[in-house]
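Please look over the sequence and the structure shown here.

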Amino acid sequence: MIMKQPDFIDLQNLAAEQFGAKVIYCTDDFFAPVENLLKPGRGIFIADKYTDRGKWMDGWESRRKRTEGHDFCIIKLGAVGRLRGLDIDTNHFLGNHPPYASVEACCLPLDTDVETVLKHEDWDNLVKKVALNPGSQHFIDMYSDYGYTHLKLRIYPDGGVARFKVYGHVQVDWSMYNKESTIDLAAANMGGKAVLCNDMFFSHMQNLIMPNRGINMGDGWETKRNRMLNNRDWVVVKLARAGRINQALIDTCHFKGNYPDTFSLEGVNLPAGTRITDDNVETLEWKEILSKQKLEADQEHYYNDIPTEEIFTHVRLNIYPDGGISRMRLFGNFV
């Protein structure tokens with residue numbers, strides 16, 4: 001079953017494994033591990049692949065329940081978030097999908113231990129029992145002004161779900177920081193977002209600002225090979241807060257024969273609500289943060305004491321002539 005893709009899927013998936021989300025508890029994952037719920041994509045199917053417990057499935061699958069009750073799991077999001085939409089995906093689960101599901105949420109410190117989360121009683125009912133179809137994405141719209149950290153996905157009574165995605169906006173309590181605090185202003189889990197690029201043929205621009213180092217070459221931003229003389233590829237990142245950048249890290253982890261030769265950084269300070277588009281990106285007053293710098297394969301490149309007092313809301317990373325960058329960190333102070 002193919003459904004029209006809602007607008008909210010362009011927002012951050014707060015329940016992505018790559019974003020730092022984690023399953024902290026489940027009642028049963030006998031056939032397929034619950035951690036699969038948080039992986040990218042929709043899951044795959046390999047016809048002849050089996051394990052010692054039965055058919056291999058790319059999702060979370062519990063055993064057939066022979067007692068009263070139902071299965072559930074608890075997911076800790078990668079950051080506190082205001083939710084905008086959900087996707088409960090039963091892709092490839094055809095005769096073994098759950099007939100129904102529901103979702104609850106709560107807000108606790110992200111480092112709360114599992115036992116405390118299990119004992120917590122104040123859960124908001126986000127999605128009442130909803131019918132699920134086999135092999136289908138189930139998009140659920142919602143608007144939340146309240147920040148959540150943990151979600152409980154219940155399936156009735158048992159079965160398999162391929163992926164569970166939770167789209168929304170990172171909500172940062174900026175009162176926890178002062179203006180002298182050095183933070184990664186570009187980080188996705190602080191609210192940074194890659195908003196525009198000229199090319200992301202091999203891997204998505206949003207990977208650039210995810211937590212942790214990239215796990216492989218696909219976990220970065222990589223453009224196609226460009227044969228034009230003096231080519232420049234670029235990506236624009238909207239910072240979590242306007243601020244001054246005094247340190248940068250460019251990581252070419254896993255990029256060995258395809259890292260860019262050089263890169264540069266520039267920034268712009270735009271009024272709130274201004275959108276950068278293909279039509280206006282080259283007309284903006286970009287100011288240099290770092291001039292062209294040489295890159296090496298598969299390593300972190302640190303740049304300290306960047307000599308600028310400018311305030312920026314957006315930063316553009318330029319690479320010459322093309323290639324892949326795993327991560328970009330932009331450390332500084334917000335204003």
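The model is predicted: local features need pLDDT of at least 70, side-chain atom pairs count only at pLDDT 80 or more, and totals for chains, interfaces and linings use all residues. Residues are numbered from 1 along each chain as its sequence is written, and side-chain values use heavy atoms, with hydrogens and water left out.

Side chains of opposite charge can pair when their charged atoms come close. A salt bridge here is a side-chain nitrogen of Lys or Arg within 4 Å of a carboxyl oxygen of Asp or Glu. By this rule the model has 18 salt bridges.

One of them joins lysine 39 to glutamate 17, with 3.3 Å from N to O. Lysine 39 sits in the loop between strand 2 (22-26) and strand 3 (50-51), while glutamate 17 sits in the loop between strand 1 (12-13) and strand 2, and the two are 22 residues apart. Strands (E, at least two residues) are DSSP runs, numbered from the N terminus. Accessibility is sorted by relative accessible area: buried is under 20%, exposed is over 50%, and partly exposed is in between (1.4 Å probe, protein chains only). Lysine 39 is partly exposed at 27%, and glutamate 17 is partly exposed at 37%.

A second salt bridge pairs lysine 294 with aspartate 261, whose closest N and O atoms are 2.5 Å apart. Lysine 294 belongs to strand 18 (residues 287-294) and aspartate 261 to the loop between strand 16 (233-251) and strand 17 (262-268), so this pair ties together parts 33 residues apart in sequence. Lysine 294 counts as exposed, at 52%, whereas aspartate 261 is partly exposed at 36%.

Glutamate 266 and arginine 316 also meet in a salt bridge, at 2.8 Å from N to O. Because glutamate 266 lies in strand 17 and arginine 316 in strand 20 (residues 312-320), the pair ties together parts 50 residues apart in sequence. Salt bridges with shared partners join Arg232, Glu266, Glu282 and Arg316 into one network. Glutamate 266 is buried at 16%, and arginine 316 is buried at 4%.

What surrounds aspartate 184, leaving aside its neighbours within four places in sequence? Aspartate 184 is in contact (heavy atoms within 4.5 Å) with Met190, Met328, Arg329, Leu330 and Phe331. The side chain of aspartate 184 reaches the backbone nitrogen of leucine 330 at 3.0 Å. Aspartate 184 is placed in strand 13 (residues 183-184) and is buried, with a relative accessible area of 10%.

How values were computed. Helix = DSSP H or I, 4+ residues; strand = E, 2+ residues; numbered from the N terminus. Polar contact = N/O pair within 3.5 Å; in protein donor to acceptor, adjacent residues only side chain to side chain.
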